[in-house]
Amino acid sequence: MISAARTQSEPMSPERRIDLLRLMLLARRFDERLMELFGQGLITGTAHAACGQEASAVGVCAALRGTDQVASTHRGHAHLLAKGGCPDRLMAELFGKRTGYSKGRGGSQHVAAYEIGFLGSNGITAGGLPIATGAALAAQHRGLDSVVVAFLGDGAVGQGAFHEAINVGAAWKLPIVYVCENNLYAMGTAVANTSPVTDVADRAAGYGIPGAVVDGQDVDAVYSSASKAVERARSGDGPTLLECKTYRYFGHSKGDAERPYRSRDEERWWEQRDPIRVLTGHLRGQGLLTEEQETALREEAAERIERAVRFAMDSPKPEPADATSDLFA
Amino acid sequence: MRKLSYAKALREALCIEMDRDERVILLGEDIAAYGGSFKVTDGLLAQYGAERVRDTPISENTIVGLATGAALMGLRPVAEIMFMDFIGLAVDQIVNHAAKFHYMYGGQKAVPIVVRTPAGGGRGYGPTHSQSLEAWFMHSPGLKVACPATPADAKGLLLSAMRDDNPVLFVENKLLYGVQDEVPEGDYTVPFGQARIAREGTDLTIVTYSRMVGESVVAADALEQQHGISAAVIDLRTLCPLDMDTVTESVSATGRCLIVAEDYQTAGVAAEIGFQVIERAFEYLDAPLRRVCGLDVPIPCARGLEEIVLPTRSRIATAAFELATF
Ligand SMILES: Cc1ncc(C[n+]2csc(CCOP(=O)(O)OP(=O)(O)O)c2C)c(N)n1
Ligand SMILES: [Mg+2]
C-alpha cells in the first residue's frame, strides 16, 4: 500500500513526487468510480466526491508521519487514502458491506481508521475540529511528539466549533494544523455570501497564530506549506491555519448534478488548474515523467480501484445482529 | 461511619481515580483556579497540577470534543459542564460524536469520557440555571446516564463512570452537594444498572432518582405515620442502563406505581419508565400509573413560583395517597 504518510524532509525526491501523483490518481479514480457506481444504482445513500481537491489531501498528508493523526470532514475519501487507508475497505464501506471500515454502519461520511492515524470522517460540519484539538491535547499531554491535522471546508468557518476549537488550540499551543480546503462553496452557497473576508487564513490573526494561503492545486506548494506548519506544531509553537484554494468538480454530493449556483465557465477555468495536470506538467517539464509512464500510472490507479470494487462486491453483507451490536464497548 | 457531603464524596472519587490512573485528566470552566462552581474540584489544581486540571474557555461543545479527542488518544478525561442548562451548547459533541463513535465507526474504539454536570432547581436560579435535562440523553443511544441520590452513591457511581469504557453523562444535583451522609472510605464502585431500594414498602412503589429520592422517602414516611400507607421507594441510580427488573419486581408486588422526576413532564424520564412498567407489569397493576414531575414551563426564580413548578414532598405525598387509595 502506498501511503503519503511517512517521514520526509524537504525537498521531495522525484520518486516521492511520483508517489504523490500515484496517490492523487488513486483518490481521483476512487471518487470518479464512486459517482459511476451511484449512477448504476450499485451504491445507495450519499457521498461527496473530492475530485479536484486531491492536492490538498495528498500534499498535507505527505508532510505527516505515520504516527500523526488526521481528522477529516464529510468529503473525506481522499484524506483517508492519502493517510494510507485501504481502498478495498473504504469501497466496501460505501457498498454497505461488513468488510468496510465501519462494518457498513458509517457509509461515506463516517469512516475511521485509527491504526493509520485517521480519526474519522465526520458528517457534522466542523464536528471534527474539537475532537482533533482534543487529540492534539492528548499528544501534548502525553509528550507524544505527534501532530494532528484537522481538515475543514470553507463552510465550517460559520460554525461555533471552528472558533472554539482554534481558539483553545492556539491558547494552549497544541500540536495541530487546521487545514481549510476552500473550494469556494459550501453546498450551493458561495463563500463571498457568508464571509466578510475572502481568505479564511486571515482569521488566524484573531487567534495569534500564523495563517497561510496556498495554491491548493499545486501539490508541491501544499506539501511545502504543510511541512512548515507541521514542523511548527511539532516543535511546540502551536497551530497554523493553512488555507488551500481549491475546487470540486462534481456537485456537492451525488444529488447535485445541475450545480445552478456556479457557471460552466468558472468550472472550465478551474479544470485548467487541475492538480493532477499541474503535477504531471511539472514532472514532464522537468523530464521526470514520460507520457508512457503517466499512462501506466493512470492504468495502475484504475486497476487498483477495480480491485476495490470487486472486493466490495464480493464481500458479505452485514448480519442482522450488526444493526444493534457495538453500541457500547 | 464518617460522614461526607455529596460534593466532597465526588471530589474523593476524583482523587482516588487520579491517584490510581494517570490517564485521568479534568477539563472544564473554572474547575482549576476557582475550584469549580460548586467546589467539587476544589484544591485539585494544587494537588494534581495544571496539566491534569485544566480551565477551559467557555466553549461547552469543545470541552466535550476535547475530551473525546483526548480519549481516542489514550486519556480518560472527565469534563465538567458548569450547569446542565449549558449542555445544550454541547449536545452535538455528546450525541453525534462521543455517543456514536463506537457503533458508527464499526466498534473500533471506545470513547471513555465522563461528562459531569449539576442539574436541578430549588435554589432560585431561574429558567437557565435550574433544569434537569437527562431525558434528552436517555433518548440518545450510546450514552450511559448516572444520577446519584446520596453521597455514598455519588462516590461509587463516579468511580464506576470513570472506569467505564463508554461515554457517561454524570448528572449531579445542586441541592444535594451540601447534603452530608455516610460514605465508605477507600476505593469502591457502585455498579451501573442496579437500582437501590431506598425504602421498603408494600402498598405502592415510588420510582425515582437523584434529589427526588430523598423527597420521596420523606413523603413516604409521612404517609406511613399519617395514614398507615406503606410505600416502597426505588432509587434508579442510573437511567441508562435502566434497572427495570427491580422496578418490575416491586410493582408486581405492590400493584401500584408512582414515578417521580424533577424534569419536565412531557416526554420526560417518567414517561419512558411508565411505559416500560406497562410493557412489563400491566397485569399486576391495580391502579393507573401516576407521575409527579416538573410542570411544562420554564423554571421561575421566585421561591413561591419555583415550588409550584418543581415536584415537592407534599405533591408526592398527595399523589401517593390518591394512588394507594384508588
Ligand atoms: C452541522 C451541519 N450543518 C449542515 C450540514 C449539511 N452540509 C453538509 S456539507 C455542507 C457544506 C459544507 O461546506 P464546506 O465546509 O465548504 O465543505 P465542502 O462540501 O465544500 O467540501 C452542508 C451545509 C451538515 N452536514 N452538518
Ligand atoms: Mg466548500
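Into which domains is chain B divided? In this predicted model, chain B consists of domain 1 (3–182) and domain 2 (196–324). The C-alpha centres of these two domains lie 26 Å apart. Their contact draws on 28 residues from domain 1 of chain B and 25 residues from domain 2 of chain B.

Two salt bridges are counted between the domains of chain B. The side chains of B:Arg237 and B:Asp153 form a salt bridge with an N to O distance of 2.8 Å. On the side of domain 1 of chain B that touches domain 2, the elements that give two or more residues are helix H6 (134–138), strand S6 (144–146) and helix H7 (151–163) of chain B. The residues on that side comprise 14 nonpolar, 10 polar and 4 charged.

A further interface joins chain A and chain B, with 43 residues of chain A in contact with 43 residues of chain B. In chain A, the greatest losses of area to chain B fall on A:Tyr114, A:His141 and A:Phe328, which together account for 21% of what that side buries. Between the chains, the count of salt bridges is 0, while 15 residue pairs are in polar contact. Strand S2 (118–120), helix H5 (128–141) and helix H6 (160–171) of chain A each give two or more residues to the side touching chain B. Of these elements, H5(A) gives the most, with 9 residues. By class, this side of chain A has 21 nonpolar, 15 polar and 7 charged residues.

| Interface | Buried area | Share on carbon and sulfur atoms |
|---|---|---|
| Chain A and chain B | about 3,400 Å² | 64% |
| Domain 1 of chain B and domain 2 of chain B | about 2,000 Å² | 59% |

How values were computed: Residues numbered from 1 in each chain as written. Chains lettered and ligands numbered in written order. Predicted model: local features only at pLDDT ≥ 70, side-chain atom pairs only at ≥ 80, totals over all residues. Heavy atoms only, no water. Contact = heavy atoms within 4.5 Å. Buried area = accessible area lost by both parts, 1.4 Å probe. Salt bridge = Lys/Arg side-chain N within 4 Å of Asp/Glu carboxyl O. Polar contact = N/O pair within 3.5 Å; in protein donor to acceptor, adjacent residues only side chain to side chain. Helix = DSSP H or I, 4+ residues; strand = E, 2+ residues; numbered from the N terminus. Nonpolar A, V, L, I, M, F, W, Y, C, P; charged D, E, K, R; others polar. Domains from an automatic or database assignment.
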